[in-house]
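Here is a short tour for anyone planning to work with this model. Take a look at the structure first, then read on.

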Amino acid sequence: MTEPIDATQASTTGDARRIVELAAATNTTMSNQLLLDTLRRNAQVTTRHIRTDFVEVATATTVLGYVCRQRKEYVALRGDDPAWAQEVGRYGTEALAVEALRMRRA
């Protein structure tokens, strides 16, 4: 029987260790994908308004992408250069577009 692991309450300092310990205690198979998804879920991002309709989204080490407002939509663009960034999706709010960039796989 596989028991789901809920890592949403894990602290940012001990996420991987907590997940491994929880998996061992519940006899759940660990995978690199599970670890990556958990770390991605807890990633902290910052936003910087370049213009009123253009926002840079970044972690402490890298630029994830940009959010551009086009009429009533917010377009999430993945990449560190706005000229070459690829569209991830269109969202109703800026917060959803930022979240899409934060959760997007590299």
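## Secondary structure

The protein chain of this predicted model has 3 helices and 5 strands. Reading from the N terminus, the order of elements is α-α-β-β-β-β-β-α.

## Confidence

Helix H2 (residues 32-41) has the lowest confidence, with a mean of 56, while strand E4 (residues 73-78) has the highest, at 94. Over residues 1-13 the pLDDT is below 50, and this stretch makes 20 contacts in the model beyond near neighbours in sequence.

## Burial, surface and contacts

Of the 106 residues in the protein chain, 30% are buried. The chain's accessible surface is about 7,300 Å², and carbon and sulfur atoms contribute 51% of that area.

## An aromatic pair

The count of aromatic pairs is 1. Its partners are phenylalanine 54 and tyrosine 66: the ring centres are 5.3 Å apart and the planes meet at 20°, so the pair is stacked. Because phenylalanine 54 belongs to strand E2 (residues 54-58) and tyrosine 66 to strand E3 (residues 63-70), the pair ties together parts that are 12 residues apart in sequence.

Are these two residues buried or exposed? Phenylalanine 54 has 11% relative accessibility, so it counts as buried. Tyrosine 66 is buried too, with a relative accessible area of 5%.

Key:
Residues numbered from 1 in each chain as written. Predicted model: local features only at pLDDT ≥ 70, side-chain atom pairs only at ≥ 80, totals over all residues. Heavy atoms only, no water. pLDDT = per-residue confidence, 0-100. Helix = DSSP H or I, 4+ residues; strand = E, 2+ residues; numbered from the N terminus. Contact = heavy atoms within 4.5 Å. Buried < 20%, exposed > 50% of the residue type's maximum accessible area, 1.4 Å probe, protein only. Areas by Shrake-Rupley, 256 points an atom, 1.4 Å probe, with all protein chains shown as cover. Phe/Tyr/Trp six-rings, centres within 6.5 Å; stacked < 30°, edge-to-face > 60°.
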